[in-house]
Amino acid sequence: MSRGTFLVVGATSTIGRCVARRLAAEGCGLCLTGRDPEELAAVAADIAVRCGRPPLAVPLEARDFGSYPALMDACGAIPGGLAGAVITWGMPEDPLARTDPAATAQVVEVNLTAPALLLEWLADRLGPGSCLAVLSSVAGDRGRADTRLYGAAKAGLNVFLAGLRAHCDRRGIRVLTVKLGRVDTRLSFGLAGAFLAISPESAAKAVVRSLRRGRGTVYIPGWWRWIMLALRSLPEGLFRRLPR
Amino acid sequence: MIWKPERLAGWGNHPSQLCRVARPERLRELRELSVAPGGTLAWRGLGRSYGDASLNAGDGVVLLGRLNRFREFDPSTGLLECEAGASLADIIACFLPRGFFPPVTPGTRAVTVGGAVACDVHGKNHHRDGAFSAHVSELTLLTVGGQLLRCSRREHPDVFWATVGGMGLTGCIVTVRLALQRVSSAFLTVVQRRTADLQQTMQQLATLDAEHRYTVAWVDGMAGGRSLGRAVVSGADHASGAPAGRGPLSPPAHRRGTVPFPAPNWFLSPTMVRGFGALRYHRSADGARYLADFDAFFYPLDSLAHWNRLYGRRGFLQYQFVLPEATALEGMTRVLETLHRAGHPPFLAVLKRLGAAGEGLLSFPRAGYTLALDLPVGPPELFALLRRLDEEVAFRGGRVYLAKDARLAPDLFRAMYPQLPAFLALKERLDPDGRLATSLSRRLGITA
C-alpha cells in the first residue's frame, strides 16, 4: 500500500481509532474526523505520539451536510492528496423510538444518506490507485425484526456502494463494502452471542488489509461470507423461524 | 451506559463473583457514570490483581481498558502522559523500538498503567529505583463528584499519596504522567548464582543488589530440610548491544502458547511440582552469564497465555508478604517450614530484596525481603494456616500485598498498614457517601 495519507471518517469510534492506529503504525499519514471534539483531540494526540507526526483533525458531524465542503478543502490541501478513506459511520436504531420520525430519519441519515453524500464528494477528488472502504454490516443482508431499520439503511448503503464501485471502476478507484460481523464494541456490549464477537483491533487489522488488496465486498471475519450465503438462500418463511 | 451481569475473578480465579459490568469507551461516558446515582463502583483494568481487588460482588465494576490513549511524549526526557487504561505491553510495543522502557515493571506486561499506580507495583529493580509511583510525576483523578483533580507531589499531595497504592478507592485514575527510562538495547546481561539454602539466597541477593539493577531469586519451593530456600539468584542489567546479527532494539519474537481451558484440579499435584522445581534448580548453572531479551527475562510467564488455568477451576492464591531485613530469615524459614509440614509446598516461590519504602499510604513495598508463593486453593485448613502465617508476618513487622490478596482478615490488615487511619480520613473526604468500594475493601473493613 502506498504510504500516503488516509482519511478516517468517524475516527473517534472504537473501530475508527483502531484503524487509525493501525495505519499510523504502518507509516501512513492521517486525516481524522469525529463529532466529539474532546475525543477527536484524544485520538489525534494518541496518533501523534505513536507515529511522531500529528494527524490532521477535522471536527465533523455526519448529519451536518453543509460541513462537508470544509473537510474537502482540508483534504485538498494535503500534499500528495489522499491515498484512500475509511468511513466508519454507523448508528443503531432505538427500538423505543420506532414511531419517532426524527429518530427514524437520523438512523437513515447516518447509515445511508451521509456516507452516500460524502462518498460522492470523495470519489470526485480521489485519483487512480486509491481506495474507499466503507464499513457496513451483515445486518444489511437480511431483514431481521430487531434491526429492521438499521438493516434497511445498511442494505441501501450496500446497493449504493455496488453502484459507486461500477462508477469508479474505470477511474481506477477501488470501492470496498466491508461487512462487519459482530465486533466487541459498545454496540454489542451486553448482547447475547458475544462469543462470536472479534476484538476491534483484529477488525481494524482486517480493514487495513483489505484497504491494501481487497476487492468488492469483504466480510470480517471472513467466515461470515459463508454464514450469510447460507442465511440469504433460506426462504423467508424459514429464516423468520430461526432462533435469534 | 449499558450494564451487564458477568461473573468476574482476579488472576488467581478465586474468588469469582457475579458483578454488574460497564465499559466506557469515551471520557464523557466515564464522567457520566461516575456521577450517576446507583450502587457502588469498582475500577478494573486488565484484571491481573490476583484476588478480589478488582471485584465488587453484586455491584458495579467499570472496565477501563478502552480508555488507553497516549496523550503526550517528550523524547528528550522520556516523560509519557497516557490514559490509565494503557498497558505496559502497549508502552513497550510503541516505545522500546525508540529506546525507552517502563521504569518499573511487574512480572507481567499485561497490566494497565492505572492498575500499576493503584497497586503501586514494584519490580526486580526496587532496591535501586523504588516502586512504580516513584516514576509517576502527576496523575488526574476523577472523583465521585465528577471533578477532575490533578495530583502530584506538589498539587494535592495528600490525594496523590492516598491514590498511589490506594487500590482505586479514592477515585478513578484517568491519566498518568510517567517517566520512561532510556535503554540502548532490548537485551539484558544476566548473571546467575545457585544457592544451597535460604540464608545463602538472601546473602546472594544482597550482594547482587549492590552490583546489578535487577535482581530476583527463584526459590525451589519444594526443597525442604537443609535445602529449604535454595534458589537460582539472578542479577541483570540492560545491555548496550545485542547478539550478533540483531539490532539492539529488535528482540526476537517469541512463540506464544496458551492454555485453552482450565486443567483438572489434580494437574499441579505436589509430585509434578517437586519435579519441576528440582529441574529448574539443577538445570541452572552456577555462575552462568548470558544475554537474555527483555521478554525472557521480565516476562517468562507471559509466553503462556492463561497460565492461571493450569491450577484448574478451583484457582490459586498468591501469598506475597514482606518482612524487614532483621526478621526476614527467621520469618521466612517459619513460613516455608509451616507450609511444608502442612503438605502445601508452594509451586512457585519468588524472593526479592526491597529498597526503602515510598510514601504511598497503603503502598506495599518497604525495606526488607519479599516472598511470593503460589498455592492452589485447597481445603479450609489452608485458609486457617494462612491466617496463622499472617499473624507471623504481622508480628515480625511485615505486611501482605493487597494486589495479590484474597483472604486477609481486617484486624491483621490494620496491624500491617499503620497509615490506614490517614487513608481512611482522606477517603472520607473524597468519597463521603462511600460510592467507591471493592470486594477487597469490604473484606478488609476499608468500606462498609
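Modeller: Here is a walk through the part you asked for, followed by the partner chain and the contact between the two. One caution comes before the details: this is a predicted model.

Start with the sheet of chain A. It is open and has seven strands. Their order is S3-S2-S1-S4-S5-S6-S7, and the pairing is parallel. Strand S3 (56-59) and strand S7 (217-220) of chain A stand at the edges. Each has a single partner strand, so one side of each lacks a neighbour in the sheet. Neighbouring strands are turned by 20 degrees against each other on average, direction ignored.

Strand S1 (residues 5-9) of chain A runs parallel to strand S2 (residues 29-34) of chain A. Five bridges join them. A:Phe6 has A:Leu30 in S2(A) as its bridge partner.

Now the helices. In general, a packed pair of helices is described by the angle between the axes and the distance between them. Take helix H3 (residues 68-76) of chain A with helix H4 (residues 101-125) of chain A. Their axes lie 11 Å apart, at an angle of about 30 degrees. Roughly parallel covers angles under 35 degrees, and H3(A) is therefore roughly parallel to H4(A). The crossing of H3(A) and H4(A) is right-handed. H3(A) brings A:Tyr68, A:Met72, A:Cys75 and A:Gly76 to the contact. H4(A) answers with A:Leu117, A:Leu118, A:Trp121 and A:Arg125. By class, this contact has six nonpolar residues, one polar and one charged.

H4(A) also packs against helix H5 (residues 148-169) of chain A. Here the angle is about 10 degrees and the axes are 9 Å apart. That makes H4(A) roughly parallel to H5(A) as well. From H4(A), the contact includes A:Thr104, A:Val107, A:Asn111, A:Pro115 and A:Ala123. From H5(A), it includes A:Leu149, A:Tyr150, A:Lys154, A:Phe160 and A:Cys168. The residues of the H4(A)-H5(A) contact divide into 14 nonpolar, four polar and one charged.

In chain B, look at strand S13 (residues 214-219). Six of its six residues are buried, so S13(B) is largely enclosed by the rest of the structure. Both faces are covered. B:Tyr214, B:Val216 and B:Trp218 are buried on one side. B:Thr215, B:Ala217 and B:Val219 are buried on the other.

S13(B) also has partner strands. Six bridges join it to strand S14 (residues 231-238) of chain B, and the two run antiparallel. Across that pairing, B:Ala217 stands opposite B:Val233. Strand S19 (residues 349-354) of chain B is joined to S13(B) by three bridges, again antiparallel. There, B:Trp218 has B:Val350 as its bridge partner.

Last, the contact between the chains. It involves 14 residues of chain B and 13 residues of chain A. On the chain B side, helix H1 (27-35) and strand S5 (70-74) each supply at least two residues. S5(B) gives the most, with four residues. The chain B side divides into five nonpolar residues, no polar ones and nine charged.

Note on methods
Residues are numbered from 1 along each chain as its sequence is written. Chains are lettered from A and ligands numbered from 1 in the order in which they are written. This is a predicted model: local features need pLDDT of at least 70, side-chain atom pairs count only at pLDDT 80 or more; totals for chains, interfaces and linings use all residues. Two residues are in contact if their C-beta atoms, placed from the backbone, lie within 7 Å. Ala, Val, Leu, Ile, Met, Phe, Trp, Tyr, Cys and Pro count as nonpolar, Asp, Glu, Lys and Arg as charged, and the others, Gly among them, as polar. A residue is buried if 20 or more other C-beta atoms lie within 10 Å of its own, exposed if 12 or fewer, and partly exposed in between; C-beta atoms are placed from the backbone. Two strands pair if DSSP finds at least two bridges between them. Axes are lines fitted to C-alpha atoms, for helices over the stretch in contact, and angles run from 0 to 180 degrees between N-to-C directions. Angles under 35 degrees count as roughly parallel, over 145 as roughly antiparallel, 65 to 115 as roughly perpendicular and the rest as oblique. A crossing is left-handed if the near helix is turned anticlockwise from the far one by less than a right angle, and right-handed if clockwise.
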